[in-house]
Amino acid sequence: MSKKAALLTICTLAVVAVIGAAFVKARTTNKDVTCRDCNVLIVGYDTVGAKHVSSLGYDRQTTPQFDALAKEGTLFSDAYSTAPWTVPSFVSTFTSLYPSQHKVVNKYTTFNAQQQVITKLDNVAPGTQTLAQQFKNQGYVTGAFTGDSGAGSQFGNGKGFDVYYEPTPFGSIGDSATQAEQWLKQNPNKKFFMFLHGYDAHGQTKVPADYPKQGKFVPKDYTGSLTGSAKEEAELREKQLTQNLPLNEQDFAFLNGIYDSKIADGDNRFGKFWEAFRSMGLDRNTVVVVLSDHGEEWGEHGGVDHGHALYNELVHVPLAIRVPGASPKAKVSQRVSLLDVAPTILDITQVQADAAYRSQLQGKSLVPLMKGQGEKAQDIYVETDYLDFTHKRGVITPEGD
């Protein structure tokens with residue numbers, strides 16, 4: 001096992017023409033990376049690990065659209081999620097709290113044959129606020145367009161959003177983008193806070209039966225028994241919790257090829273949305289954050305999928321921030337957490353969060369790093385209580401590679 005792959009210390013005990021541009025004048029300065037009165041767009045590339053992103057060193061051209069946007073802003077090459085699966089990860093990003101603090105650590109607080117009780121943020125951590133609420137309180141219109149499932153509004157992600165679109169479980173960013181564009185056209189000349197999300201790379205996102213032949217990176221010489229279907233992926237994901245998977249190197253390469261192909265498809269769909277967004281002139285006054293909630297394992301430690309462990313391939317994620325008018329800083333190599341996203345957006349936009357939200361923030365603003373200023377290295381904490389079956393905690397120290 002390489003030092004990089006095993007960087008975590010895991011303790012299983014007790015981680016419309018121009019919409020708004022004409023009337024909302026963005027004020028940006030290169031010196032302080034500030035964009036007062038700017039719109040905010042947060043894009044969630046669900047299930048995309050950093051090691052599969054071209055601009056982060058991957059040898060396959062999986063993410064040309066993400067890479068192009070990152071070049072216009074700041075790319076954080078060593079960013080980490082708080083958890084290796086969707087439900088706790090996105091709640092952490094919007095609350096800037098660790099999963100064990102916001103307590104949305106699973107989809108259900110009770111799950112048995114007689115009763116299934118959805119985990120709701122207001123029930124398990126009353127009074128906890130979200131980033132969307134802060135912008136709504138300052139007069140922004142707020143809209144989320146997602147692929148449902150683990151990013152569903154019911155867990156708490158919907159708090160503060162005027163609209164939360166989530167019609168299709170494991171829906172693609174292409175579906176979300178269509179609705180997002182319509183919403184933007186229905187809200188001209190208004191400041192907005194938007195969350196755009198899709199499950200394009202997820203194992204449960206359905207693809208055509210002949211996708212193994214269509215996928216850009218799927219090995220064409222694969223002769224094994226796997227099909228790459230959503231049903232098959234679900235069975236493997238659950239099986240690995242109690243036993244070793246009977247997969248060989250060829251099988252893992254096949255699954256990895258499907259995954260990379262789906263990443264490329266999702267990236268292309270986002271590119272079409274970004275082109276439409278630019279045509280509206282919105283890129284000139286919108287702070288854009290593109291990130292992923294977690295990565296994926298394809299045999300690095302004998303398993304597949306995500307949620308079950310805290311290995312680097314599961315928690316190391318892409319993160320890029322683009323501030324209109326600010327000078328791009330090519331790359332920041334210092335280790336950061338997705339907990340830092342909320343305070344960074346507040347810092348950039350100068351939106352005044354209320355005292356309760358400010359007091360709950362566990363992350364810190366990344367603006368100093370975006371300005372090229374040195375910052376003291378920090379420990380990064382990660383957690384998983386996946387399906388209430390496995391309970392792991394991890395820390396990545398400044399000295400760890």
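This is a predicted model: local features need pLDDT of at least 70, side-chain atom pairs count only at pLDDT 80 or more; totals for chains, interfaces and linings use all residues.
**Why these labels?**

Student: Why is Lys51 called partly exposed?

Tutor: Its relative accessible area is 39%. Buried means under 20%, exposed means over 50%, and partly exposed is what sits in between (1.4 Å probe, protein chains only). Residues are numbered from 1 along each chain as its sequence is written, and side-chain values use heavy atoms, leaving out hydrogens and water.

Student: What makes Glu300 and Lys51 a salt bridge?

Tutor: Their closest N and O atoms are 2.9 Å apart. The rule asks for a side-chain nitrogen of Lys or Arg within 4 Å of a carboxyl oxygen of Asp or Glu, so the pair qualifies.

Student: Why is that pair said to tie parts together?

Tutor: Because Glu300 is in the loop between strand 12 (297-298) and strand 13 (304-305), while Lys51 is in the loop between strand 4 (39-45) and helix 1 (64-71), 249 residues apart in sequence. Helices (H or I, at least four residues) and strands (E, at least two) are DSSP runs, numbered from the N terminus.

Student: Asp78 and Arg335 form a salt bridge too; are they buried or exposed?

Tutor: Both are buried. Their N to O distance is 2.9 Å. Asp78 lies in strand 5 (residues 74-80) and Arg335 in the loop between strand 15 (329-332) and strand 16 (336-337), so this pair connects parts 257 residues apart in sequence.

Student: How many salt bridges does a search of the whole structure find?

Tutor: It finds 13.

Student: Why is Ser261 called buried?

Tutor: Its relative accessible area is 1%, so it falls on the buried side of the cut-off. Ser261 is in helix 9 (residues 249-279).

Student: What makes Ser261 and Lys216 a polar contact?

Tutor: A polar atom of the Ser261 side chain lies 3.1 Å from the backbone nitrogen of Lys216. A polar contact is a pair of N or O atoms within 3.5 Å; within protein, one must be able to donate a hydrogen and the other to accept it, and residues adjacent in sequence count only if both atoms are side-chain atoms. So 3.1 Å passes the distance test.
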